[in-house]
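Please read the points below with the sequence and the model open. They go through the structure one part at a time.

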Amino acid sequence: MNDHELIINPDPNGKRIIAVTGHRPGKLGGYNYVTRSRLESFATGILAERKPDLVIAGMARGWDQAVALACRTLAIPYWAAIPVRGQEGMWPLQAQDFYRELLHDAVGQTIVSEGAYAAWKMTKRNEWMFDRCVTGLALWDGSAGGTGHAVGYAMKISKPVENVWAKWERF
């Protein structure tokens, strides 16, 4: 799939374009099939309730990929916001294959930053996503880090963000 630029302005007709941000599996139960399956089930329920027209996902392992998988299950189009080309390069081979499968099914993708991985490029990716959405959907425990920064950035630019952490804890 070719890289494309996604430009979304808030739609006066009420389109629901959601950017997602959330934790990696380490904060959600671990890097295993059970956690991935549980996250997918949770994300599917959340998205089925919200019925977005488009989801922008950062494609990291954990919440981002669970949401992309839920979109695929529910036939909701999703856009892959990739921080850097090859972000999956250090992941286990099975995780790399899963990532590429999700990319293949995205309606489009954007490589936000050129060059090698750097932590600041994850922040730039998050800002890119929130600059192009109408609302946000976070799975955030309140801790400092990338997800917290993404939520803070969304608030700074007056984008509403729903944090579903309390629902996750009860799930």
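Where is Ser158 found?

1. Ser158 sits in the loop between H5 and S6. Helices (H or I, at least four residues) and strands (E, at least two) are DSSP runs, numbered from the N terminus. Ser158 is not a glycine, yet its phi is positive, near 65 degrees. Most residues other than glycine have a negative phi. With a relative accessibility of 63%, Ser158 counts as exposed; the terms used here are buried for under 20% relative accessible area, exposed for over 50%, and partly exposed in between (1.4 Å probe, protein chains only).

2. This is a predicted model, in which local features need pLDDT of at least 70 and side-chain atom pairs count only at pLDDT 80 or more, while totals for chains, interfaces and linings use all residues. Residues are numbered from 1 along each chain as its sequence is written, and side-chain values use heavy atoms, with hydrogens and water left out.

3. The mean pLDDT of the chain is 92, and 92% of its residues reach 70 or more; pLDDT is the predictor's confidence in each residue, from 0 to 100. Over residues 1-10 pLDDT stays under 50, and for this stretch the model has 29 contacts beyond four places in sequence. Contact means heavy atoms within 4.5 Å. Where pLDDT is low, the predicted coordinates should not be read in detail.

4. Six strands form an open sheet with parallel pairing, in the order S4-S3-S2-S1-S5-S6. Two strands pair if DSSP finds at least two bridges between them. Strand S4 (108-113) and strand S6 (161-163) are the edge strands, each pairing on one side only. On average, neighbouring strands of this sheet are turned by 25 degrees against each other, direction ignored.

5. Which residues of S5 are buried on each face? Thr135, Leu137 and Leu139 are buried on one side, and Gly136 and Ala138 on the other. Five of the five residues of S5 are buried, so this strand is largely enclosed by the rest of the structure. S1 is joined to S5 by five bridges, and the two run parallel; in this pairing Gly22 has Leu139 of S5 as its bridge partner. Strand S5 (residues 135-139) is also joined to S6, by three bridges and again in parallel. Gly136 is partnered there by Val161, and Leu137 by Glu162.

6. S2 is covered on both faces: Leu54 and Ile56 are buried on one side, Val55 and Ala57 on the other. Three bridges hold S2 to S1, and these strands run parallel. Ala19 stands opposite Ile56. In a regular strand the side chains alternate between the two faces of the sheet.

7. Helix H1 (residues 33-50) lies across strand S1 (17-22), strand S2 (54-57), S5 and S6, and runs at about 155 degrees to S5. H4 lies across S1, S2, strand S3 (78-84), S4, S5 and S6, at about 150 degrees to S3. Axes are lines fitted to C-alpha atoms, for helices over the stretch in contact, and angles run from 0 to 180 degrees between N-to-C directions.

8. Helix H4 (residues 119-131) also meets helix H5 (residues 146-156): their axes come within 9 Å and cross at roughly 35 degrees. Thr123, Asn126, Glu127, Phe130 and Asp131 of H4 are in contact with Gly146, His149, Ala150, Tyr153 and Ala154 of H5. By class, this contact has four nonpolar, four polar and two charged residues.

9. Leu74 belongs to helix H2 (residues 63-74). Leu74 is partly exposed, at 31% relative accessible area. Not counting residues up to four places away in sequence, Leu74 touches Thr44, Leu47 and Ala48. Thr44 lies in helix H1 and counts as buried at 18% relative accessibility. Besides Leu74, Thr44 is in contact with Ala70, its neighbours within four places in sequence left aside.

10. Is Met59 buried or exposed? Met59 counts as buried, because its relative accessibility is 0%. Met59 lies in the loop between S2 and H2, and has a positive phi of about 70 degrees although it is not a glycine.

Conventions: Nonpolar A, V, L, I, M, F, W, Y, C, P; charged D, E, K, R; others polar.
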